[in-house]
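Here are my notes on the model you passed along.

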Amino acid sequence: MNDQPHSRLQHFPVAWFATVMGLGGLTIAWRRAEDILQLPFQVSPWLLAASTVLFVVLAALYAAKVFRHRESAVKEWGNPIRMSFLPTFSIGLILLSIAWLPINAVYSQWLWTLGSLVHLLLTLYVITQWVHHTKFEIAHMNPAWFIPVVGNILVPIAGVTHAPIEVSWFFFSIGLTFWPVLLTIIFYRVIFHASLPERLMPTLFILIAPPAVGFISYVKLVGGVDAFANVLYNSALFFTLLLFFQVKWFARLKFFLSWWAYSFPLAAITIASLLMFHETGSALYLRLSGILLGITTVVIAGLVIRTALAVKNKAICVEE
């Protein structure tokens, strides 16, 4: 009787924090829609409460895993694939700081400061592992590798409010430098080597996030949409179209926790489209924002249901 709970905690993956990224992204998307489109109802406060509570619960569970099953946690941190999901913890903090900013600037600053510092440390840790590795192979490469380094692009969204502008440019530069490097390696891997395993196929949606978030951060940094901002936004829009074009392949996949890779990138392109509408006033971006917000909301609602069923059926947190 006592072994099963211990076992499930032992196999509690750090990738669970991707659920906070998804809900946090949806929270920000609805908040932007409520402000920009002057919606007569408020959805974002409920989503913010859910995202915050979820983060606290997951952080407590993962801390319990580290305390009670340290060897399992350390093994996960050194795994060539799972290592990339470790910074989902710090990105969750950064997204919560963005979501809390319009409501409580003090909470937002604490979350942003902690999230940014932890993410910088995790970025340094992961890159050090890449440089001095003895175990990585091209088959280990997948779009989740964007998470540790390109996640730095998120920092300026709230960072322009909480710190000197030079800090935001520092983090933005890290992410922007590594984005084309990793993008090149990923396309080499998927074109010239075996297809991604079924479990990792949803991570292809992460291709949307770097240019979409990069667009949002860049507009925050420079104060408007220019030629480079258009390149970033349209790159994100192309990746979105490319992945929607392949929807029949994704529809066949068995449910894994990695399905949450659909969530944050969709939220990111939704927020980017809302920002593009706000900056340009184009009706095209208004319609596109509405469509994307609807798709993102339905997808994340479906993910919540599928995840709840998987937890009920004890199909998650099991030994692989």
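**Notes on the helices and the core**

1. Let's begin at the end of α13, which is followed by glycine 281, a residue with a positive phi, near 75°. Helices here are DSSP runs of H or I with at least four residues, numbered from the N terminus. Before going on, the ground rules: this is a predicted model, in which local features need pLDDT of at least 70, side-chain atom pairs count only at pLDDT 80 or more, and totals for chains, interfaces and linings use all residues. Residues are numbered from 1 along each chain as its sequence is written, and side-chain values use heavy atoms, with hydrogens and water left out.

2. On α13 itself, the 18 residues should span 26 Å at 1.5 Å a residue, and the end C-alpha atoms are 26 Å apart, which agrees. (The expected span is 1.5 Å times one less than the number of residues.) The helix is mostly covered, with 15 of its 18 residues buried. Buried means under 20% relative accessible area, exposed means over 50%, and partly exposed is in between, using a 1.4 Å probe and protein chains only.

3. What does α13 pack against? Helix α10 (residues 209–222) packs with α13 (residues 263–280) at an angle of about 35°, and their axes are 8 Å apart. The axes are lines fitted to C-alpha atoms, for helices over the stretch in contact, and angles run from 0 to 180 degrees between N-to-C directions. The crossing of α10 and α13 is left-handed, meaning that the near helix is turned anticlockwise from the far one by less than a right angle.

4. The residues in that contact include Phe215, Ile216 and Val219 of α10, and Phe264, Leu275 and Met276 of α13. Contact means heavy atoms within 4.5 Å. The contact residues of α10 with α13 divide into 14 nonpolar, no polar and 1 charged.

5. Just after α10, glycine 223 has a positive phi of about 85°.

6. Now the core. The largest nonpolar core has 103 residues, and those with the most contacts inside it are Leu95, Ile98, Phe146, Leu154, Phe215, Tyr233 and Phe264. The largest share of this core, 10 residues, comes from α13. A nonpolar core is a set of buried Ala, Val, Leu, Ile, Met, Phe, Trp, Tyr and Cys residues joined through side-chain atoms within 4.5 Å. Not counting residues up to four places away in sequence, leucine 154 touches Ile91, Ile94, Leu95, Ile98, Val213, Ser217 and Phe264.

7. Methionine 276 of α13 is worth a click. At 1% relative accessibility it counts as buried. Its contacts, not counting residues up to four places away in sequence, are Phe215, Val225, Asn230, Tyr233, Gly281 and Tyr285.

8. Tyrosine 285 counts as buried, at 14% relative accessibility. Besides Met276, it touches Tyr233, Ser273, Phe277 and Thr280, again leaving out residues up to four places away in sequence.

9. Histidine 119, in helix α6 (residues 105–131), has a relative accessible area of 0% and is buried. Apart from neighbours within four places in sequence, its contacts include Pro87, Ile91, Pro148 and Asn152.

10. Most residues other than glycine have a negative phi. Glutamine 38, though, has a positive phi near 55°; it sits in the loop between α2 and α3 (44–68) and is exposed, with a relative accessible area of 63%. Phi of lysine 314 is also positive, near 55°. Lysine 314 lies in the segment after α14 and counts as partly exposed, at 46% relative accessibility.

Note on methods. Helices (H or I, at least four residues) and strands (E, at least two) are DSSP runs, numbered from the N terminus. Ala, Val, Leu, Ile, Met, Phe, Trp, Tyr, Cys and Pro count as nonpolar, Asp, Glu, Lys and Arg as charged, and the others, Gly among them, as polar.
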